[in-house]
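Thank you all for coming. I would like to walk you through one structure this morning, so please have the sequence and the 3D view open as I speak.

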Amino acid sequence: MTLWRYAIQILLLLLLLIPRLFILYTADLEDHVAGHGVSFHAFADDTQLYVHCRRDDVTSGVLCLENCIEEVSRWKSANRLKLNADTTELLCARSRHGPAVLGSAGPSLQLGTETVVASDQVRVLGVTLTSDLCIDKHVASVCAACFYWLRQRLCECAL
C-alpha cells in the first residue's frame, strides 16, 4: 500500500513540476523575440508573434517578422524543438472601419523554402478570428455545433 502512495505522490509532483519546467525551458525565447521589436505570446506548445505597422510600412513589418521567425527557428533547433511551417498561419488584420481589409490579399512570409500566405481567418485557442478581428464566423460555427448536438439529443429522447 505504501508503494502506491509513493507512486501517487511522485505523479502529483511531476504534474506540478512539468509546466514550471517548460516555462523555465522556454524563458529565454522572449529575449530573442524582443530584440526584433516583435510582441510575443506563448502557451503550451504554441507561440504567437505580433508586429504592428502602418499601412505604408507593411513590407518592413513582414521583413521584421521573417527575421524574428528565423531566429525563433534557430533557437528552437538549438533547444531540440521544431518550428512547424505547416501549421504556421499569417493573419494581416486591420480595423473594419479602415479603407480596406487585407485578409488573404495581404503579404506572405518566406520561411526558408516554405511560403506562408496570409489567410482571411485563423484559429487561436479554438477561437476563429477574421482579418477584421471579428468573431462572427466563430459564433456561427459554435451555434451550428450547438444546434447539431441539440438535434442529436432530441432524436435520442424521441427513441
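Predicted model: local features only at pLDDT ≥ 70, side-chain atom pairs only at ≥ 80, totals over all residues.

Let me begin in a loop, the one between strand E6 and helix H4 (136-158), where Leu-133 is found. Helices here are DSSP runs of H or I with at least four residues, strands are DSSP runs of E with at least two, and both are numbered from the N terminus. Leu-133 is not a glycine, and yet its phi is positive, at about 55°. It counts as exposed because its relative accessibility is 54%, where exposed means over 50% relative accessible area, buried means under 20%, and partly exposed lies in between, all with a 1.4 Å probe and protein chains only.

Residues are numbered from 1 along each chain as its sequence is written, and side-chain values use heavy atoms, with hydrogens and water left out.

A second residue of this kind is Arg-80, a residue other than glycine with a positive phi near 60°. Arg-80 sits in the loop between H3 and E3, and it counts as exposed because its relative accessible area is 80%.

Now to the strands, which I will take pair by pair. Two strands are said to pair if DSSP finds at least two bridges between them. Strand E1, residues 39-43, and strand E2, residues 46-50, run antiparallel to each other and are joined over 5 bridges, with His-41 finding its bridge partner in Gln-48 of E2. The hairpin of E1 and E2 has 2 residues between the strands, and Ala-44 there takes a positive phi near 50°.

E3 and strand E4, residues 114-117, are also paired in the antiparallel sense, over 4 bridges, and Leu-109 has Val-116 of E4 as its bridge partner. In their hairpin, with 2 residues between the strands, Gly-112 has a positive phi near 65°.

The next pair is strand E5, residues 121-124, with strand E6, residues 127-130, antiparallel over 4 bridges. Arg-123 has its bridge partner, Thr-128, in E6, and in the turn of this hairpin, where 2 residues lie between the strands, Leu-125 has a positive phi of about 50°.

Which residues touch the most other members of the largest nonpolar core? They are Val-33, Val-38, Leu-65, Leu-90 and Leu-109, out of 16 residues in that core. Helix H2 (29-34), helix H3 (58-78) and strand E3 (108-111) each supply at least two of its residues, and the largest share, 7 residues, comes from H3. By a nonpolar core I mean a set of buried Ala, Val, Leu, Ile, Met, Phe, Trp, Tyr and Cys residues joined through side-chain atoms within 4.5 Å.

If we look at Leu-65 and leave aside its neighbours within four places in sequence, we find it in contact, meaning heavy atoms within 4.5 Å, with Val-38, Leu-49, Val-51, Leu-90 and Leu-109. Val-62, which is placed in helix H3, counts as buried because its relative accessibility is 15%. Beyond its own neighbours within four places in sequence, Val-62 is in contact with Pro-107, Ser-108 and Leu-109. Its C-alpha is 8.2 Å from that of Val-51, a residue 11 places away in sequence.

Val-58 is found in helix H3 too, and, with neighbours within four places in sequence again set aside, it is in contact with Cys-53 and Pro-107.

Finally, a word on charge. Side chains of opposite charge can pair when their charged atoms come close. How many salt bridges does a search of the whole structure find? The search finds 1, counting a side-chain nitrogen of Lys or Arg within 4 Å of a carboxyl oxygen of Asp or Glu. It joins Glu-70 to Arg-74, with the closest N and O atoms 3.7 Å apart. Both residues lie in helix H3, 4 residues apart, which is about one turn of the helix. Glu-70 counts as partly exposed because its relative accessibility is 44%.
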